[in-house]
Amino acid sequence: MTCRDAAELIELYLVDELTEEQKKALEAHLEQCPACTAELRRAQALAMDLAALNEGVEAPPELMLDVLAKIEDQTPKPSPKRRLSRGWKIGLGAAAAALGLFLISGALFQLISLGESRDFASEQWNGARPEAGYDGGYSSYKTESYGAIAGAGKDSMKAADLVAGEALADSAGRQSIAPGIAPVPQPQPEADGEYGLKIIRTARAELESDRFDEDLAALQALTAEHGGFITSREIYGEALKEGASGYGRSLSLRVRVPEGALDAFLEGALGVGVARSSSIYEEDVTSQYFDADRRLKGYQAQYDRVLEFMQKAESVEDLIAVESELTRLNMQIEALAGKIKYLDSQVGFSTVDLNLREVRLAQPVNTSFGQKLRDALDEGLDAFAQGWRNGLLGFMEALPALVGWLVFLGLLGWLALGIRRRIRRKKQRNTAEK
Amino acid sequence: MILAQPELLRRAAAGDGKAFAELMQERQHAIYALALRMMGSREDALDMAQEALLRIFQNLGAFRAEASFSTWTYRIAANVCLDALRRRARRKESSLELLRGEGFEPSDSAPSPEGAALEHERAEEMHRALASLPPDQRAAIVLRDVQGLSYEEAAEALGVNLNTLKSRLFRGRRLLRGLLSGDPEPFAQKHGLSNKG
């Protein structure tokens with residue numbers, strides 16, 4: 001048995017798919033092959049590590065709270081299904097129209113541009129920006145949990161337009177969290193004096209850069225400088241190369257910075273590369289916060305009362321009942337404390353999404369008309385040259401086959417001619433004989 | 001206070017949110033854990049677990065008693081995650097950076113229950129490696145090897161037959177070992193990702 005065979009058998013052994021014979025053969029091989037034995041050990045160690053991976057992982061308390069809040073939101077509506085399907089219809093209609101437009105414009109674009117466009121990204125920004133699929137997915141995804149952000153996300157953003165200070169007052173509708181559970185009557189939120197306004201601020205910025213690596217480092221340094229941290233960093237695409245085509249790399253960076261440093265951080269980030277757009281969204285969660293805090297206090301008071309009662313309990317049944325009530329209250333208290341902690345962290349630290357696109361030449365949008373003309377001409381010439389190059393390449397590619405066919409057809413023709421001549425000669429001979 | 005499961009199920013299916021919360025008291029952790037390993041980040045895991053729980057709630061009426069409730073909930077949760085991953089894959093091309101585990105950090109650095117588990121370097125490394133497996137194989141490994149379902153249960157939860165499950169496990173584990181030994185090449189080659197952005 002080779003080690004290759006053994007590797008296959010080891011995997012099969014691990015999914016318990018070996019016949020007795022195969023098992024014996026594998027064991028025989030393992031006895032004399034330390035490498036494969038080590039591989040098996042590694043596989044077994046991996047299995048153990050995997051089994052231990054989720055030990056102690058628990059769902060955070062806000063999970064069930066949010067689910068319950070949504071369940072409550074859904075139930076009272078008389079016919080959410082019909083409404084939804086109408087929305088779907090409109091959505092589908094719009095999607096179909098958009099697709100049609102996209103196909104037509106795509107065809108036109110194909111017709112107009114001979115070769116390839118050089119700076120695809122910056123072109124997009126000069127013109128009207130189409131709703132980007134990737135952004136759209138993100139915001140619609142978020143619609144459910146954060147209505148305010150999604151609502152703002154749908155507004156099309158103009159280049160370098162700073163939408164600041166626009167609080168979107170959707171969140172007020174989400175204040176009732178699982179009233180089904182709440183035993184404490186809920187007081188109406190009064191003025192915000194007790195806590196101050198609780199506002200979650202998020203921001204995003206689109207940047208372009210012709211020095212991708214330097215600007216990436218600059219953004220990271222800027223984050224550290226403002227006391228923030230990076231929660232995710234993704235780079236996709238390939239680096240631009242001199243003379244080669246391609247769209248360059250894209251960075252999407254998610255950063256959390258202290259709320260107070262958000263404006264300064266954003267200003268700094270917009271100075272890195274060339275800013276294409278930026279925006280700040282604000283979501284007022286004061287009422288949510290207030291609600292959670294009030295209910296937490298209510299539960300705590302109740303907990304203390306039940307605890308008091310426990311001292312007086314006489315029968316075992318009483319004790320059991322009190323115990324289970326305490327457990328339930330404790331669960332609620334922990335859940336609410338978790339929710340408050342979560343809101344605090346969201347309020348205290350702003351999330352900033354930064355997108356950095358690598359381009360050949362990053363320049364501000366408002367270039368002069370003359371410059372644009374020159375750029376257009378440059379691009380046209382480039383495309384023209386590229387078209388010729390492509391044509392030539394295509395021709396060269398087709399050449400061997402072309403030559404082959406010519407030779408083949410030539411041979412065929414030559415044969416046909418030869419046969420015709422022979423037939424003619426035969427006829428002539430026949431007539432001569434006659 | 002503590003009701004039998006069938007009774008809780010009946011009440012929850014009738015729309016009782018409180019009964020549902022109790023019914024899922026234990027299960028929600030498993031669902032969240034599954035989502036965490038499937039999605040890679042805490043934030044996405046929360047969203048997916050929430051979506052899964054909602055779907056479970058809405059479909060309780062369709063649950064048949066002859067199936068295992070735990071497998072059934074896993075099935076819904078796995079589907080939610082796989083759908084989301086497919087949407088995500090359509091949106092972004094998976095990048096080699098991510099594959100090699102560069103540029104991937106667990107989403108939240110705030111201390112949390114699973115943060116403690118992730119503190120161990122090995123666990124974090126495994127988490128990353130798992131996150132870079134193809135979703136189908138990742139799902140098989142998470143259900144069978146991490147969550148400890150039997151082969152039959154895992155196959156049922158993923159809606160595939162036993163052989164398909166085993167072959168996914170088989171390939172996934174091998175990839176995982178390759179990734180953990182710091183050699184992502186077999187994976188990159190296998191999926192033709194080595195020279196695309």
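Biologist: At what angle do the axes of H3 of chain A and H9 of chain B cross?
Modeller: In this predicted model, helix H3 (residues 34-53) of chain A and helix H9 (residues 135-146) of chain B cross at roughly 85°, and their axes come within 8 Å. Axes here are lines fitted to C-alpha atoms, for helices over the stretch in contact, with angles from 0 to 180 degrees between N-to-C directions. Helices (H or I, at least four residues) and strands (E, at least two) are DSSP runs, numbered from the N terminus.

Biologist: And how are H3(A) and H9(B) oriented to each other, roughly parallel or roughly perpendicular?
Modeller: H3(A) and H9(B) are therefore roughly perpendicular.

Biologist: Which residues make the contact?
Modeller: H3(A) brings Ala47(A), Leu50(A), Ala51(A) and Leu53(A), while H9(B) brings Ile141(B), Asp145(B) and Val146(B). Two residues are in contact if their C-beta atoms, placed from the backbone, lie within 7 Å. By class, the contact of H3(A) with H9(B) has six nonpolar, no polar and one charged residues. Ala, Val, Leu, Ile, Met, Phe, Trp, Tyr, Cys and Pro count as nonpolar, Asp, Glu, Lys and Arg as charged, and the others, Gly among them, as polar.

Biologist: Nice. What about H9(B) and H11(B), at what angle do they pack?
Modeller: H9(B) packs with helix H11 (residues 162-180) of chain B at about 95°, the axes being 8 Å apart. That makes H9(B) roughly perpendicular to H11(B). Residues in this contact include Arg138(B) and Ile141(B) of H9(B), and Leu165(B) and Leu169(B) of H11(B). The contact of H9(B) with H11(B) divides into six nonpolar, two polar and six charged residues.

Biologist: Switching to cores: which residues touch the most other members of the largest nonpolar core?
Modeller: Out of its 72 residues, they are Leu34(B), Ala35(B), Ala49(B), Ala52(B), Ala77(B) and Leu143(B). Helix H3 (residues 27-39) of chain B gives the most to this core, nine residues. A nonpolar core is a set of buried Ala, Val, Leu, Ile, Met, Phe, Trp, Tyr and Cys residues joined through C-beta atoms within 7 Å. Buried means 20 or more other C-beta atoms within 10 Å of a residue's own, exposed 12 or fewer, and partly exposed in between, with C-beta atoms placed from the backbone.

Biologist: What does Leu34(B) touch?
Modeller: Leaving out residues up to four places away in sequence, Leu34(B) touches Tyr74(B), Ala77(B), Ala78(B), Val142(B) and Gln147(B).

Biologist: How many helices and strands does each chain have?
Modeller: Chain A has 13 helices and seven strands; chain B has twelve helices and zero strands. Buried residues are 24% of the 434 in chain A and 45% of the 197 in chain B.

Biologist: Where does Ser350(A) sit?
Modeller: In strand E7 (residues 349-358) of chain A. Ser350(A) is buried, with 26 other C-beta atoms within 10 Å.

How values were computed:
Residues are numbered from 1 along each chain as its sequence is written. Chains are lettered from A and ligands numbered from 1 in the order in which they are written. This is a predicted model: local features need pLDDT of at least 70, side-chain atom pairs count only at pLDDT 80 or more; totals for chains, interfaces and linings use all residues. Angles under 35 degrees count as roughly parallel, over 145 as roughly antiparallel, 65 to 115 as roughly perpendicular and the rest as oblique.
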